[in-house]
Amino acid sequence: MSKYITTPIYYVNGEAHIGHAYTTFIADSMARYEKLKGEDTYFLTGTDEHGQKIEESAQKSGKPTQEFADEISASFKNLWDEFEISYDKFIRTTDKEHKIGVQKAFEVMYNKGDIYKDFYEGHYCVSCETFFTEMQLVDGEFCPDCGRSTNVIKEESYFFRLSKYEDALLKHYSDNPDFIMPRSRANEVINFVKGGLRDLSVTRTSFTLGVKMPESIKDDKHVMYVWLDALMNYITALGYGAAEEKMRYWPASVQFVGKDILRFHAIYWPAFLMSLDLPLPKHIGAHGWWTRDGEKMSKSKGNVISPKQVADAYGVENLRYFMLREVPFGQDGDFSQRAFIDRINSELSNDLGNLLNRIIGMSGKYSDFEIDSVDVLKYHKKEIDAMNLVLDSLDAFMQNFQTHRYLEELWRLFSIGNKAIEEHAPWVKMKENRKDEALATVALVANILAKASIMLHPIMPHTTNTIADALNFNIDNSSYKELILDKKLLKLFNIKVVPPLFPRVEEPLMPEAPLAQPNANKEIAQEAEKCSRKQDNLIEIGQFFETSLKVGIVVAAEEVPKSNKLLKLQVDLGEDKPRQVVAGIREFYSAESLINTQVCVVANLKPAKLMGMVSEGMLLAAKDEDGLCLIRPEKPKKVGTPIG
Ligand code: MSP
């Protein structure tokens, strides 16, 4: 079965940042993994070049729109080329074939009766290229997604009958629980659809930078809505509407997106596909956000980290390793130079690099760089079994996009290798004239390194080729089959000396400022690291007691209309009247289930306004990839009891 893997197409309103690099690295690693397994795989990335946001950015730059788009699109493509991203096609929405494909799709949906003309009046956020209803706005004006001011727009528009697909979408989610990955993200989508879908305005008359209407409809004032245009890239890249020879790759096996654009991919996109009578992608893989100093990074905020700068300082493969190892798929991650250096030094340099050096050194010393595997099974059955168990477990992690678990497990192989060397001490065996045994251990570890580098290849292609070169074999589909699937050992190693792969990093290689830690105080942060509590900044006990935490009981709870996330609770803290707490927990708790249950409340927060409602406290909760749970007293306590 063929595989089709996509990244979102990136807006050309600014240079690539680390968030874009992350999506691209995951997709690239997945595509390389499938190719290594011998799957017929097609990997797509590209740029999104239409819409009001790009039109405005081009105007600001003073350049003609196309020239502006050409430059930024090229900067993405050049960067991916420099990073050796293995895409099979780089699509631009300004490509002629793409526009033809979008017009074709529009025509098909129109002829089916799924697109009709009407008037639209609504609040438009240019930054998110999305309409919102009055109720969805924060304080009647601001975009609920990015917080920017919205504009009121009334215009003639063509509408897509999104509402018609409500039931079919809900059925699809329930029949295919892995459609949205990680699964914990599915609830927010399902609740959104259950909340009722309004038909979607899919054309604009207020600007011109977009795909024109199909000839057959002839309505030149309209251009297509940028999201309709952009989402279609996933099929126009395969020739939809023109030469369809690549359409055999459809449906996509996985479409990677950031959590912010999940709704477009998990609701609008499948509805469009249903209307086009095309199958839906197998998975939409939604990853979290990379923050800087705990803050969302975005081109429009201007607080971005350049992946080129990081790669120049630390090497692109180290960056790939770090990003894929550091963050569980679906969760947010904070980019810290310190954490990056730690992983380079301990995991890459110590665990992997040193193991290779030891094998190069011992093989040279004991047998002139030539070792065979004849005695490995005789002396190392236990290690071989342990190694095979690890290797067998890896595929499942990759299929679930859990790259951090994949790498974590893969690293067990190096522990098996290092432990075998310590336990069997080949240098002692050599002294005792037990050369066969000594060489069997060296050969065991050489085999471990060979197999591990095959599995690490999709994430660190060059580095692993260097390891393969040192061990004198090639990483390709046939070595994958022999060494991983058939579990064979490499018969003979002619070992070559290669320079150390991962020089230790002693000092940050980039200026601290752009990668500063949250609340950066360097000394405190360093102290915290010594205590192996890398994520936390140490505080004085007094600082902790500045926070008033209290046990409360929920006496009333209701859903906040038009919000998928919020519940409005009345929480008794033993004061003269219950406090109103607006909490973003609706995806995880129903209002009824909370009544009469105890919660822990931060009681001295300044009141905040959420969707126009005052919130006078915050509930303690813990959230991981499996969802959110409230932190509650183990046994019931009197309301108002202080926690600390
Ligand atoms: N053009 C649309 C996508 C259309 S796909 C049919 C778009 N472009 S974008 O350039 O704004 O974002 C592209 C991707 O980068 C999104 O998946 C987004 O989630 C991701 N990221 C942007 N900033 C990010 C972080 N700070 N961290 C992680 N990923 C983030 O949306």
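## A walk from a hairpin to the ligand

Let's start at a hairpin: strands S4 and S5 form it with 4 residues between them, and Glu129 in the turn has a positive phi of about 50 degrees. This is a predicted model, in which local features need pLDDT of at least 70 and side-chain atom pairs count only at pLDDT 80 or more, while totals for chains, interfaces and linings use all residues. Residues are numbered from 1 along each chain as its sequence is written, and side-chain values use heavy atoms, with hydrogens and water left out. Helices (H or I, at least four residues) and strands (E, at least two) are DSSP runs numbered from the N terminus, and two strands pair if DSSP finds at least two bridges between them.

Next comes an open sheet of 6 strands, with parallel pairing and the order S3-S2-S1-S11-S12-S7. Its edge strands are S3 (89–92) and S7 (180–181), each pairing on one side only. Further in, S11 and S12 (residues 283–287) run parallel and are joined by 5 bridges; Val257 has Ala286 in S12 as its bridge partner.

Now for the ligand. Of the 24 residues around it (a heavy atom within 4 Å), Ile9, Asp48, Gly258, Asp260 and Trp290 come nearest. A polar side-chain atom of Asp48 lies 2.7 Å from a ligand nitrogen, and a polar backbone atom of Ile9 is 2.8 Å from a nitrogen of the ligand. Gly258 places a backbone N or O atom 2.8 Å from a ligand oxygen. On its own the ligand has 660 Å² of accessible area (Shrake-Rupley method, 1.4 Å probe; for residues, only the protein chains shown count as cover), and the protein covers 96% of that.

Which elements give two or more residues to this shell? They are strand S1 (3–11), helix H1 (18–36), helix H7 (226–231), helix H8 (233–236) and strand S11 (254–258). S1 gives the largest share, 4 residues.

Conventions
A polar contact is a pair of N or O atoms within 3.5 Å; within protein, one must be able to donate a hydrogen and the other to accept it, and residues adjacent in sequence count only if both atoms are side-chain atoms.
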